[in-house]
Amino acid sequence: MRHLKKLVTIIVTIAILSSMCVIGSTFSASASGTGAGLAEWAMNAYYEGWAYVYGGSSPGAVDCSGLIYAYTGGPRTADVQVNSASESGSVSDGVPRIHGLGLYHPGHVGVYVGNGMAVDARNESAGVCYSSVDYMRWTTWFKLSNVSYPSYGWVNFNGNYYYYEDGQYIVNTSRTIDGVTYYFGSDGISDTTPSDPSSVADEPSNSGNSGSSVSSGSSSTPSYKTLQLGSQGDEVAKLQNRLAELGFYKGEISGIFDEATQSAYINFQKAAGVTVDGISGASDQELLYSDNAPIAPEESEQDKALLEKITSAQTRLRELNYYLGESDGTIGSMTKEGLIAFQQVNNLEVTGELDDATYEVLMSDGALANPYYTSSSATGTPTSVYTFNAYELNSTGIMGPNPAVSNANNSSFILSNSNAENNAKLANDVVTKTNRLAKNAVSSFASEGFKAVGPQGGLKLNGAVISLLGVVLTISLISVYMLARMRKEKKRKAARAAARAQKRILRLNEDF
C-alpha cells in the first residue's frame with residue numbers, strides 16, 4: 001500500500017506538471033491562417049464536440065485560447081492574443097462583419113463566425129459552445145495579428161459564398177460582377193455560387209461606369225441598418241416601438257436587441273411570410289414600417305396563461321439567483337440554463353423545460369437558492385454568477401452540484417472529488433483521463449478533418465500533443481518500474497521472514 005501511494009503521488013505530480021508545461025508552451029503551430037479558416041476551424045470544433053481541457057491546444061481537447069492557438073499558432077494566452085491584435089474595438093459599438101475575428105472579455109476568448117454568432121471553448125461541463133455574441137457578454141473584438149482578413153472579393157465559409165467590400169462582407173444588397181448579378185441576404189450569403197470565386201468587382205462607386213458595376217438596388221428606398229441579437233442603439237429602440245405597436249413585443253423599450261426582441265421579431269416574420277431568421281434586414285424593415293405590416297393575432301386564454309406562468313417563473317429564478325435576465329415571458333437560452341441549474345440543485349429531472357414538477361418546486365417555499373452565486377458586497381453586482389465543477393462562467397451557465405475547488409484543472413478536480421474513495425481509484429481516474437485526452441489528440445492525426453483544417457492544409461504537431469504523449473509514456477514507464485519494485489520488495493520480505501523463521505528454529509534446537 002505504501003508503494004501504491006507513492007505511485008499515485010508520482011502520477012498526479014506528473015499530470016500537474018504536464019498541464020503546466022502545456023499552458024506555458026510556446027511551441028508554435030503554423031503562424032498563419034485566414035479569418036474564414038479560423039471560423040471554420042472553430043465551427044468544426046463545435047460540430048465534433050471537442051472537450052474543454054484546461055491548458056489544451058490540440059484537436060479534440062482545447063481551452064479557450066487553445067482553440068485559437070491550435071489553428072493560428074503565435075500567442076498562447078487570451079490576454080496576449082488580444083493585446084497583440086492588429087486591430088480591435090468595442091463590441092458595444094457592434095462587431096464588424098468579418099469571419100474569424102477574436103472576441104474577448106477578461107480571462108476568456110472566442111471566435112466570431114458571422115451572423116451574430118460565436119464559438120468558444122467554455123468550460124469542462126459545456127465543452128465547445130456555439131451561441132450569440134451577446135450571450136457571453138464579450139467586451140472587445142480583435143483581429144489576430146497572425147491571421148489575414150480579406151478586403152475585397154469572394155470568401156467561401158462553411159460551404160457558402162460571401163462577398164467582402166471595405167473589409168466586411170456585404171448584406172441585404174446585390175452586386176453585378178463579371179456580368180452576373182448576385183443577391184446577398186441579411187446573413188450575407190450569396191444566392192448564387194460564383195463561376196469564378198477569384199473574381200473581384202471594382203471598388204464600389206456610384207458612377208456605374210465599370211463593367212463590374214455595383215448595383216445596390218436600394219437607391220429609392222430608405223437606408224436600413226441590419227439589426228440582430230446583440231445590436232444596440234436608437235434603431236433597435238425604434239424597431240421595438242414598431243413591434244409593440246403591431247402587438248408583437250411587450251417588453252421594455254431598451255434599445256437592446258435581446259432574446260425577447262428576437263422572439264417578437266421572429267413572430268413578426270412568421271406573420272409576414274418572410275424568411276424566419278430573427279435578423280432584421282432592409283427588406284424586412286421596409287415591410288415592418290409600411291402600412292402593410294401584419295398585426296399580431298390576439299392571444300388566446302391559453303397563451304396568456306402560459307405567458308404569465310413563464311414570467312412568474314423567470315421572476316422567481318431571479319429571486320433565487322439562477323437568472324439575470326428580464327421577466328419577458330420568453331424561454332430563451334438564459335432562462336433555459338437557469339432552469340437547468342435550478343433542477344440540478346433541487347434534485348429534479350434535468351430537462352431545461354418549465355414542466356409542472358419544476359414549476360411546483362420553483363414556486364414553493366422549499367425551493368433551494370443558487371448556492372454558487374456571488375456578488376460584490378459593495379454594489380451587489382454579480383461577480384461570479386454560476387460555477388460548475390470549479391469552472392466559473394462569466395455569464396449565465398449550467399451549474400453543477402459539486403462544490404468549487406481552488407484550481408480549475410483536471411488534477412485538482414480529481415483530488416478534491418468526494419467520489420474518489422481511495423488512492424487506487426484516484427490513480428485509475430488520473431490514468432483514464434490522461435489516456436482519453438491522449439487518445440483524442442492522437443486520433444486527430446488519422447482524421448481527414450485534421451489533415452485539412454490547418455491554414456496550409458497540412459498536419460500540425462504542437463506542444464500540447466507532444467506533452468500528452470510524453471505524459472502517457474512517462475506514466476507507463478513509472479508504472480512498470482514501480483510494479484517491478486513492489487514484486488522485488490515482496491520477495492525480499494519473504495526471504496527475510498524465512499531467515500527469521502530459520503533462526504528461531506535453530507535457537508529452539510540449541511535450547512533442547
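Modeller: Of the 512 residues in the protein, 45% are buried (under 20% relative accessible area, with a 1.4 Å probe and protein chains only; exposed is over 50%, and partly exposed lies in between). This is a predicted model, where local features need pLDDT of at least 70 and side-chain atom pairs count only at pLDDT 80 or more, while totals for chains, interfaces and linings use all residues. Residues are numbered from 1 along each chain as its sequence is written, and side-chain values use heavy atoms, leaving out hydrogens and water.

The protein has 14 helices and 18 strands (DSSP runs numbered from the N terminus: H or I of at least four residues for helices, E of at least two for strands). Asp-284 sits in helix H7, which covers residues 282-288. Asp-284 is buried but has no salt bridge, a term for a side-chain nitrogen of Lys or Arg within 4 Å of a carboxyl oxygen of Asp or Glu. The nearest side chain of opposite charge belongs to Arg-242, 13 Å away (Lys and Arg count as positive, Asp and Glu as negative; His and the chain ends are not counted).

What does the side chain of Asp-284 join in a polar contact? Its partner is the side chain of Gln-269, at 2.8 Å (a polar contact is a pair of N or O atoms within 3.5 Å, one able to donate a hydrogen and the other to accept it within protein; residues adjacent in sequence count only if both atoms are side-chain atoms). Leaving aside residues up to four places away in sequence, Asp-284 touches Gln-269 along with Tyr-265, Phe-268, Val-274 and Ile-279 (contact means heavy atoms within 4.5 Å).
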